[in-house]
Amino acid sequence: MKLLKTCLSLFIISLLLASCKEVIDKRKDEPQKKQIDATAFNSFAKNVNAQDFKTLIDANSGLILDVRTSQEYYKGHIPGAINVDWKNQTEFTTKIKALAKDKTVLVYCHSGHRSGLATRFLKEQGYEKIYNLESGIVGWKADNFDIEK
């Protein structure tokens, strides 16, 4: 009787282990969801503070892209900035394709999040010299730099 209980217990344990292995094997075949965090954007663009962004602008270092909505843009933007709304992907893609890929691109938004996403897209499209205003126009205003309406 004791031998029967032991054999039965071992059989049940082996079934449980086999079912666990199947679940693990199935998960290996599932596509993994990619997590993008803010630190990942460093590989797409150089994050700079407002003072460094202004220095780049003053040196005529490239195109200035404001990736906020047109409503945000018209409330105030960095002088010389071109509005390319990140939220309107069709418009954004069309406008980006018209830009020279060998130019330096200076990108900003409200606080740095959308511009971080936009820099990733720019990098994927072949742009190499990309700078992201890490604090967005909020940081720009905090440093009392000019805005245009």
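Alanine 118 lies in helix 5. In this predicted model, the residue has a relative accessible area of 0% and is therefore buried, the limit being under 20%. Beyond residues up to four places away in sequence, alanine 118 touches Val67, Trp86, Phe92 and Val107. One of these partners, Phe92, sits in helix 4 and takes part in the contact between helices 4 and 5.

That helix pair was examined next. Helix 4 covers residues 89-97, and helix 5 covers residues 113-124. Their axes come within 12 Å and cross at roughly 50°. Helix 4 is therefore oblique to helix 5. The crossing is right-handed. On the helix 4 side, the contact is formed by Phe92, Thr93 and Ile96. Helix 5 contributes Ala118, Phe121 and Leu122. By class, five of the residues in this contact are nonpolar and one is polar, with no charged residue taking part.

Helix 4 also holds glutamate 91. Its relative accessible area is 26%, so glutamate 91 counts as partly exposed, a class that lies between 20% and 50%. Apart from residues up to four places away in sequence, glutamate 91 touches Asn83 and Asp85.

The C-alpha atoms of alanine 118 and asparagine 132 are separated by 9.2 Å. Along the chain, the two residues are 14 residues apart. Asparagine 132 belongs to strand 5, which spans residues 130-133. With a relative accessibility of 3%, asparagine 132 counts as buried because the value is under 20%. Its contacts, leaving aside neighbours within four places in sequence, include Ala45, Lys46, Asn47, Val48 and Phe53. Val107, Gly112, Ser115, Gly116 and Thr119 are also in contact with asparagine 132. Val107 is touched by alanine 118 as well.

Aspartate 66 provides a further buried site, with 0% relative accessibility. The residue lies in strand 2, residues 63-66.

Asparagine 144 was considered for its backbone. Its phi is near 60°, a positive value in a residue other than glycine. Most residues other than glycine have a negative phi. Asparagine 144 is placed in the segment after helix 6, which covers residues 136-142. At a relative accessible area of 67%, asparagine 144 is exposed, since the value is over 50%.

The chain has 149 residues, of which 33% count as buried. Among contacts with a separation of 6 or more, 68% join residues 24 or more positions apart. The accessible surface of the chain comes to about 9800 Å². Carbon and sulfur atoms account for 57% of that surface.

Note on methods:
Residues numbered from 1 in each chain as written. Predicted model: local features only at pLDDT ≥ 70, side-chain atom pairs only at ≥ 80, totals over all residues. Heavy atoms only, no water. Buried < 20%, exposed > 50% of the residue type's maximum accessible area, 1.4 Å probe, protein only. Contact = heavy atoms within 4.5 Å. Areas by Shrake-Rupley, 256 points an atom, 1.4 Å probe, with all protein chains shown as cover. Axes fitted to C-alpha atoms, helices over the stretch in contact; angles between N-to-C directions. Helix = DSSP H or I, 4+ residues; strand = E, 2+ residues; numbered from the N terminus. Parallel < 35°, antiparallel > 145°, perpendicular 65-115°, else oblique. Left-handed = near helix turned anticlockwise from the far one by under 90°. Nonpolar A, V, L, I, M, F, W, Y, C, P; charged D, E, K, R; others polar.
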